[in-house]
Amino acid sequence: MTEELKTYAPPPALAATAHVSGMAAYEALCQEAENDHTGYWGRLARELVSWKKPFTKVLNDSEAPFFKWFEDGTLNASYNCLDRNIERGLGDKTALIFEADGGEVTKTTYAELLAKTCQIANGLKSLGVAKGDRVVIYISMSVDGVAAMQACARIGATHSVVFGGFSAQSLRDRIEDTGAKAVITADHQIRGGKQLPLKAIVDEAIGLGGCDTVKNVLVVKRSGAEVAMTAGRDLWMADVVSGQPTTCEPEWVEAEHPLFLLYTSGSTGKPKGVQHSTGGYLLHAALTTKWTFDLRADDIFWCTADIGWVTGHTYIAYGPLALGGTEIVFEGVPTYPDAGRFWKMIQDHKVSIFYTAPTAIRSLIKAAETNDTVHPKHYDLSSLRILGSVGEPINPAAWEWYHHHVGGGRCPIVDTFWQTETGGHMITPLPGATTLVPGSCTLPFPGISAAIVDETGNDVPNGQGGILVVKKPWPSMIRTIWGDPARFKKSYYPSELRGYYLAGDGAIRDAKTGYFTITGRIDDVLNVSGHRMGTMEIESALVSCTELVAEAAVVGRPDDTTGEAICAFVVLKRPRPTGEEAKAIAKQLRDHVGKEIGPIAKPKDIRFGDNLPKTRSGKIMRRLLRAIAKGEAITQDTSTLENPAILDQLSQNN
Ligand code: 6R9
């Protein structure tokens, strides 16, 4: 990087009062962690988390990489997020401002959220759900969704939220893998003015078999439209909670007790159930919400993620509540009724901290360029003080637009790098301390020993790219892959990396500033609109269309709006189709993938070939497919290719 990059220093007024105020304060925290890693985390765990039984030991690394944090302490996450705030006098403070798809607004105070949570918790208990049981939650953005998560935490049940866009097959796989005792869902979800089924998909998922552990399905009424109810298994949530007490003694669990499982894509076929702890996770959720977003008592915080993703866990269901904050829960989509929805909501609710994904920003830039009436300049966004970005790299052009047109040039943008596995922010600016450089997630969160190494774990000098690792364990790290500790070890702690956590991303540090820039995944994981998708997962969905597909290879190609787009190369069991027929088959395959995984996994491009480029040993040469998908000329070495003629065929047909 030779050109001089634009930089943005923290606004002085914000820096003066921020929780982490100025670069010296940031450096002091990093130094404290450097000098005494466990002392630092122990101090913060005492300050930010309320313990029933205080821990006496911070870290147990005797079975590394299966680290245990605060292991002899006990706590309850829901107590920390609800009761504790009420005890501090915040009972009447608004916890959740829910805005429905159609615009109706409902406010829920901390006292009300606690009462609701306790009723659901008691309802679950009445059905025999107890500490250690798993509960799958398949619901859209709602107060019930947040309360259901809190209710599970309250009784020590481990929740696993499945994003409402996943198909019956994906849901089935997750129910089976978790061995869930109950499923919490709604009759329908409403998004963009459309009513979409949830309960019917749960029925279909259970009908696919393998879900015998499920004793009950609890159904929240959203649409009020008729849905099938299986007697003896399905119950309306309203009936389950009616008459239940609005208090429920928290189940005090050990710090390591699994708070939740969340499935995410890896480089091999099956999604992994990432297991998170209670104590360490909650600490980092609260700490990062406090420092990265500088959350204050009077802030209105809005994280636009869905509770089906990790961002919705940490920065909706837990972090802001653990700090007694007020936050928006939004049911709808950014483009309904028009692409000014986000800006209107910021104006209406006087949002002060806004956290969204680059893909949303890019699509709203496009929308504003084609229809000036939805441009943010038409809205009063003066309540904003901090902006955030998450899920994928934010390109400098989108960063500048976000900064200028949404943030009015006055709000720092925290570009937060982290993962489902990390539980919370890992590399991120702190708004009152860090000078920003568009496109860079800047510096590690204090206490996170992020570094860039080569394949053997040696540090690489700044200015030279490499593999992103975390050298020391941290409290909110993934504990294991549910039911597969060997895969956990292999995926995240490969032996050649000397006990460092392998993030799966490439990164580079600026030669002068040491700032990190994430260069993208180094494995076969794609990032489409900020959603993680495994190429193998999509390939297996394609080849599961056995009547049509002989073979498939999936790669990503850069896309202006979605970051990456899914591009599939398919060999059919019949002659290669062209023209209208090719279009029809491509549609059929897209729908098939939608059914197998969910609409988010549908390939944007499908190209048909007589075969795929392979080495003589039969390995598909994905780097060539990536070049073809991008429309690049093949300049790479193709001498090991078995069938070079295929490259022309695949490049020509679209
Ligand atoms: C929180 C979340 C994780 C992957 C991660 C990386 C990409 C996330 C990023 C980013 C560049 C950022 N990623 N944040 N890349 N800059 N600020 O997104 O979790 O769904 O597990 O995805 O997303 O590739 O490895 P998850």
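Predicted model: local features only at pLDDT ≥ 70, side-chain atom pairs only at ≥ 80, totals over all residues.
Local features are given where pLDDT is at least 70 and side-chain atom pairs where it is 80 or more, whereas totals for chains, interfaces and linings use all residues. Residues are numbered from 1 along each chain as its sequence is written, and side-chain values use heavy atoms, with hydrogens and water left out.

The ligand is surrounded by 17 residues, the closest being Asp 415, Thr 416, Thr 420, Asp 505 and Arg 521, where a residue counts as near if one of its heavy atoms lies within 4 Å. This shell divides into six nonpolar, six polar and five charged residues (Ala, Val, Leu, Ile, Met, Phe, Trp, Tyr, Cys and Pro count as nonpolar, Asp, Glu, Lys and Arg as charged, and the others, Gly among them, as polar). At least two shell residues come from each of helix H11 (310-322), strand S20 (413-416) and strand S25 (516-521), helices being DSSP runs of H or I with at least four residues and strands runs of E with at least two, numbered from the N terminus.

Among the polar contacts (pairs of N or O atoms within 3.5 Å), an N or O atom in the side chain of Asp 505 lies 2.4 Å from an oxygen atom of the ligand, and a polar backbone atom of Thr 416 is 2.8 Å from a ligand nitrogen atom.

Strand S25 also belongs to an open sheet of four strands, ordered S21-S22-S24-S25 with antiparallel pairing, which requires at least two DSSP bridges between two strands. Strands S21 (450-453) and S25 stand at the edges with a single partner strand each, so one side of each is left without a neighbour in the sheet. S21 is joined to the antiparallel strand S22 (residues 466-470) by four bridges, and Ile 452 has Leu 468 as its bridge partner in S22.

Note on methods. Polar contact = N/O pair within 3.5 Å; in protein donor to acceptor, adjacent residues only side chain to side chain.
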